[in-house]
Amino acid sequence: MIADVKKSAEHKMQRTLETLKTDLGKIRTGRPHTGILDHVMVDYYGSPMPINQVANVSLLDARTISVTPWEKKMVGAIEKAIRDSDLG
């Protein structure tokens with residue numbers, strides 16, 4: 001009984017820590033991080049896809065994130081997804 005409660009609490013704490021790490025990774029600190037776009041979903045021929053599965057996301061310099069689509073016709077959809085995201 002006590003072992004089950006302890007195991008359940010440890011599992012919940014581990015999930016909480018993972019969520020905290022993810023949320024802290026999205027905080028803007030003046031330096032860009034490609035992880036800030038991980039939650040952005042792009043409409044890819046009617047299906048929502050993470051941006052990193054339809055484009056190359058990289059850092060150009062200390063202040064610029066580059067998003068290079070793999071297909072030219074996806075530029076508009078990627079731009080709309082970034083604009084509509086909650087990045088501010």
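Let's start with the largest nonpolar core, which has twelve residues: Ile-36, Leu-37, Val-40, Val-42, Ile-51, Val-54, Ala-55, Val-57, Met-74, Ile-78, Ala-81 and Leu-87. By nonpolar core I mean a set of buried Ala, Val, Leu, Ile, Met, Phe, Trp, Tyr and Cys residues joined through side-chain atoms within 4.5 Å. Buried is under 20% relative accessible area, exposed is over 50%, and partly exposed is in between, with a 1.4 Å probe and protein chains only. Strand E3 (55-61) and helix H2 are the elements that give two or more residues to this core.

A word on the source: this is a predicted model, where local features need pLDDT of at least 70 and side-chain atom pairs count only at pLDDT 80 or more, while totals for chains, interfaces and linings use all residues. Residues are numbered from 1 along each chain as its sequence is written, and side-chain values use heavy atoms, leaving out hydrogens and water.

Setting aside neighbours within four places in sequence, Val-42 is in contact with Ser-47, Pro-48, Met-49, Ile-51, Val-54, Met-74, Ala-77, Ile-78 and Ala-81; contact here means heavy atoms within 4.5 Å.

Now the fold. The chain has two helices and four strands, in the order α-β-β-β-β-α from the N terminus. These are DSSP runs, H or I with at least four residues for helices and E with at least two for strands, numbered from the N terminus. E3 runs antiparallel to E4 (residues 64-69), with six bridges joining them; strands pair if DSSP finds at least two bridges. Leu-59 has Ile-65 in E4 as its bridge partner, and two residues lie between the strands of this hairpin.

On to charges. How many salt bridges does a search of the whole structure find? Two, counting a side-chain nitrogen of Lys or Arg within 4 Å of a carboxyl oxygen of Asp or Glu. Glu-79 meets Arg-83 at 3.5 Å, N to O; both sit in helix H2 (residues 75-84), four residues apart. Glu-79 is partly exposed at 46%, whereas Arg-83 is exposed at 56%. Lys-80 pairs with Asp-84, with the closest N and O atoms 2.8 Å apart, and that pair is also separated by about one helical turn.

Finally, overall shape. The radius of gyration is 18 Å, whereas a compact globule of 88 residues would be near 12 Å. That is taken over C-alpha atoms, the globule rule being 2.2 Å times the number of residues to the power 0.38. Of the 88 residues, 19% count as buried.
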